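Hi everyone, thanks for making time for this. I'd like to walk you through one structure today, so let's bring it up on the screen.

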Amino acid sequence: MSGYINLVLHAHLPFVRHPEFEDFLEEDWFYEACLETYMPLLAMFERLYNDHIPFKLTVSITPTLAAMMKDGYLMGKLERRIYKLKELIGKEKKRKINTPFYESILMYEKWIQTNQEVLEKYDFDLTKGFKRFYKSGQLELITCNATHGFLPFMQALPKLVEAQIKVGVGSFEQTFGFKPSGIWLAECGYYRGVEEVLAKNNIEYFFGETHSIMYADEMPKYGVYAPMYTPSLVACFARDPESSKQVWSAKEGYPGDFDYREFYRDIGFDEDYDYIKPYLHLDGQRRFVGLKYYRITSSLEDLSSKEPYNPAWAKNKITTHAANFLFNRQKQFEHLNSIMDRKPLINAMFDCELFGHWWWEGISFLEEIFKQAHKTKEFGVEFISAKEYLRKFPTNQMSNLCESSWGYKGYGDVWCEGSNEWIYIDLYLKLV
Amino acid sequence: MYGLNIQSNEQVYIESIKYYSGTYWQQVEDTSIKECFDTARFVVFAVNPTDLFTFWEYDKRFDGKLYIRLFDVTNIDNFFEGKFNWYRDIFVSTCCGRYRINGLILSANFVLQLGYFIGNKFVRLLQSNFVKMPNNAISTNTNIKMATKIFDKFEKKEVKIEEITHFAFADYKEPSQASMGVM
């Protein structure tokens with residue numbers, strides 16, 4: 001029994017670039033994501049490639065993020081940040097010898113060195129790294145609507161939606177040198193009619209929340225385990241809830257394991273102020289500097305009761321969790337093969353920054369999945385991209401899909417509640 | 001329940017409704033963005049399968065009591081000829097330019113008008129775009145269409161569509177917890 005996994009990572013950050021300030025809080029989001037997610041991801045591709053381990057995944061890179069990834073000013077600041085972190089790690093290595101934190105410091109030393117190599121390898125332009133693995137066939141790259149706006153709430157302004165898609169496609173082509181075959185609609189925000197705009201821009205497929213297909217006008221023959229065509233013949237690939245929850249949920253999912261690194265306990269808050277001050281912003285406010293020495297330990301929220309992080313324990317858990325993830329997919333395939341007349345497809349879709357940034361061990365988890373799937377054929381897992389799937393299985397159900405998003409409750413509630421509804425009022429009545 | 005007296009013989013009235021509708025401006029070619037967006041002065045969208053969020057702006061100062069007239073136009077093609085399923089009037093304060101309408105019908109289509117009353121007569125100030133409420137259940141309709149989109153080696157595509165009158169799952173069961181077990 002076997003099936004396909006379409007692993008999709010959505011990478012997005014809003015465009016933040018403030019050369020007028022020495023430090024800028026929101027710019028930190030970008031540096032943190034580069035150091036903890038994007039560059040480790042590129043390093044992972046390199047390792048798998050060198051070890052001849054086949055891998056396939058899709059990464060959507062938003063136009064705003066791509067613009068930052070190739071921006072000389074921001075990448076120069078990222079390099080300075082790497083130097084500062086190297087300096088701090090060097091000091092920590094001397095201070096914390098013979099402490100339970102020493103193994104973590106060695107881990108950080110290796111991490112920052114690898115990041116520096118990635119930055120230099122791709123000549124301070126991370127988009128080059130992603131393009132390289134697209135060209136070698138392991139990576140599918142897709143775009144996103146221009147500013148990551150929630151399209152269902154823009155539908156009464158079709159020109160705005162058209163501009164969001166057109167700019168998303170155009171800027172992607174400008175960055176990567178080819179037209180994207182697929183798109184990530186921000187927040188998986190789908191409404192009926194957006195597919196017409198996608199078709200006009202030669203987009204073949206997009207990704208939707210589970211009920212975009214499950215609540216279509218006709219019963220979905222294959223559930224979410226095959227794509228569905230919209231009337232414009234743009235295909236929708238919908239999220240598999242089972243695989244998502246196992247990885248996504250901080251409580252029930254893998255990232256909440258007690259042996260994994262605690263995100264919120266950082267030496268920016270723990271160390272003596274005078275010692276850590278050179279690594280804070282000029283305003284001197286305590287903040288995360290990126291070195292965290294504790295593990296989650298328990299479900300208790302009290303940060304002071306956390307125990308030291310042990311990289312070896314975390315590594316063992318990664319092996320176990322990757323095997324568990326594949327085992328559960330195998331079980332899903334067994335069930336789905338008994339009711340489907342074709343190989344099932346599981347769309348496992350996540351925010352890219354979950355891996356590495358929020359879940360420190362997440363990149364290693366992905367790497368381990370590819371390694372184990374290659375080594376243990378019994379799992380019956382084959383990784384595939386949406387584009388490849390459509391060429392293997394060109395016949396799919398066609399229906400009117402359901403308006404949806406991957407936000408809380410599955411529709412637009414998150415993006416239109418008391419605190420943020422002013423955005424749309426401004427957008428419709430003031431900005432345009 | 002055709003309660004509203006839309007006088008379909010009054011061409012000017014119909015045209016003005018069209019002007020404010022979400023569909024009219026799509027037919028307009030070669031107009032500036034500003035001009036197009038000016039029609040979006042009474043906007044409504046579905047927040048979830050049962051709730052609408054609406055907001056508006058109008059130029060003229062108005063001190064009277066404002067009402068939203070909510071029309072159900074599900075499966076209605078000729079609203080502009082005065083057809084609709086039912087309507088409901090909702091009082092909104094004059095001071096706010098936004099309103100939420102909760103507890104509506106799944107999958108239904110609506111259009112809103114903003115106006116006031118002179119006696120029993122509803123005077124329309126603005127009309128919104130049309131909105132379709134999302135579904136929130138699996139359809140029972142098993143008459144489906146299968147489409148084929150074939151790409152040749154030059155990536156040119158060819159499309160075929162086939163209608164299937166009925167399909168059934170083979171002993172379909174929800175995956176049990178046991179089948180999702182751990183190692």
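Before we start, one term: two strands pair if DSSP finds at least two bridges between them. Please also keep in mind that this is a predicted model.

With that in hand, let's look at where the two chains meet. Strand 10 of chain A and strand 8 of chain B, residues 144-151, are joined by four bridges and run antiparallel.

Now the wider contact. In total, 46 residues of chain A are in contact with 47 residues of chain B. On the chain A side, helix 6 (158-176), helix 12 (311-337), strand 10 (395-398) and helix 15 (422-431) each supply at least two residues. Which of these gives the most? That is helix 12 of chain A, with seven residues.

Let's move over to chain B. Four of its strands make an open sheet, in the order 4-3-6-7, with antiparallel pairing. Strand 4 (86-92) and strand 7 (121-132) of chain B are at the edges with a single partner strand each, so each has one side left without a neighbour in the sheet. From one strand to the next, the twist averages 25°.

Finally, strand 6 of chain B, residues 109-118, pairs with strand 7 of chain B over nine bridges, in the antiparallel sense. There, Gly115(B) has Arg124(B) in strand 7 as its bridge partner.

Thanks, and happy to chat!

Terms used. Residues numbered from 1 in each chain as written. Chains lettered and ligands numbered in written order. Predicted model: local features only at pLDDT ≥ 70, side-chain atom pairs only at ≥ 80, totals over all residues. Axes fitted to C-alpha atoms, helices over the stretch in contact; angles between N-to-C directions. Contact = placed C-beta atoms within 7 Å.
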